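Here's a quick briefing on how this chain packs its inside. Have the structure open while you go through the points.

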Amino acid sequence: MERARPLLDRRRLLKGAVLAAVPYALLPETRAGAAPQPVDHPLAEWQPATPSNFTVSDRPWSYQVDRVVVHVTQTDYTGTLDIFRNPEKKVSAHYVVRSAEGHVAQCVREADVAWHAGNWDYNTRSIGIEHEGWVDKPAYFTEALYQESAKLTAGICERYGIPRDRAHIIGHYEVPGADHTDPGPYWDWDRYLSMVEAV
């Protein structure tokens, strides 16, 4: 027995003809298969470190993430980004927060291991946040810097189930074996933790 051929109805035929006549440039762009936005923090701008300065990974499956490490750059914002782009420096952090208005740059994906703590175990288990400024110049620790960094840290804690406390949000100086003093004596931990809690 021969099968009946499906009939094209007039409406479907006309739709097809119209679509065939429309230049592709006028159709809405379909993003199927397009790379996702690279930032993990929705308010961040992507400013990638060179791949020579971090380790590609698949966290939290490859390593558990259970810490946020707070740093101070000891240079300006642009200088920090330049350091992370220099393959000879062998250093990076996941984020940099600018002093003036709290602008956040993401330099390394959270799934990858940034080289920020000076301790491989802590690098694998933490997210590093650099803050523009110097440890002995408290004027760099602006309200905007604290606010935007607190939002960033709160988001990280939410994503990985990290408690929002001083045992899990630490300074670089608290990393075992660290020879750094940042964020230094002028970083207001009480203020910062209360802002992280409030987000």
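A nonpolar core here is a set of buried Ala, Val, Leu, Ile, Met, Phe, Trp, Tyr and Cys residues joined through side-chain atoms within 4.5 Å. Keep in mind that this is a predicted model.

**The cores**
- The largest nonpolar core has 28 residues, and Tyr95, Ile156, Ile169, Trp187 and Tyr192 touch the most other members.
- Two or more residues each come from β3, β4 (95-97), β7, α4 and α5, with α4 giving the largest share, seven residues.
- Ile156 is in contact with Val68, Tyr95, Glu110, Ile127, Ile129 and Ile162, if you leave aside its neighbours within four places in sequence.
- Another core, of eleven residues, lies apart from that one, and its members include Tyr77, Leu81, Ala105 and Cys107.

**Helix α5**
- Within α5 (residues 189-198), you'll find Trp189, Tyr192, Leu193, Met195 and Val196 buried.
- Looking down the axis of α5, its buried residues fall within an arc of 160°, so they line one face of the helix.
- Asp190 and Ala198 sit on the other side of α5 and are exposed.
- The cover over the buried residues of α5 includes β3 (67-72), β7 (126-131), α4 (143-160) and β8 (169-171).
- At the start of α5, Asp188 has a side-chain oxygen that comes to within 3.4 Å of the backbone nitrogen of Asp190.

**Asp66**
- You'll spot Asp66 in the loop between β2 (54-55) and β3.
- Asp66 counts as buried because its relative accessibility is 15%, and the cut-off is under 20%.
- Its side chain makes a polar contact with the side chain of Arg125 (2.8 Å).
- Not counting residues up to four places away in sequence, Asp66 touches Arg125, Ile162 and His168.

Key
Residues numbered from 1 in each chain as written. Predicted model: local features only at pLDDT ≥ 70, side-chain atom pairs only at ≥ 80, totals over all residues. Heavy atoms only, no water. Buried < 20%, exposed > 50% of the residue type's maximum accessible area, 1.4 Å probe, protein only. Helix = DSSP H or I, 4+ residues; strand = E, 2+ residues; numbered from the N terminus. Arc of directions from axis to C-beta. Contact = heavy atoms within 4.5 Å. Polar contact = N/O pair within 3.5 Å; in protein donor to acceptor, adjacent residues only side chain to side chain.
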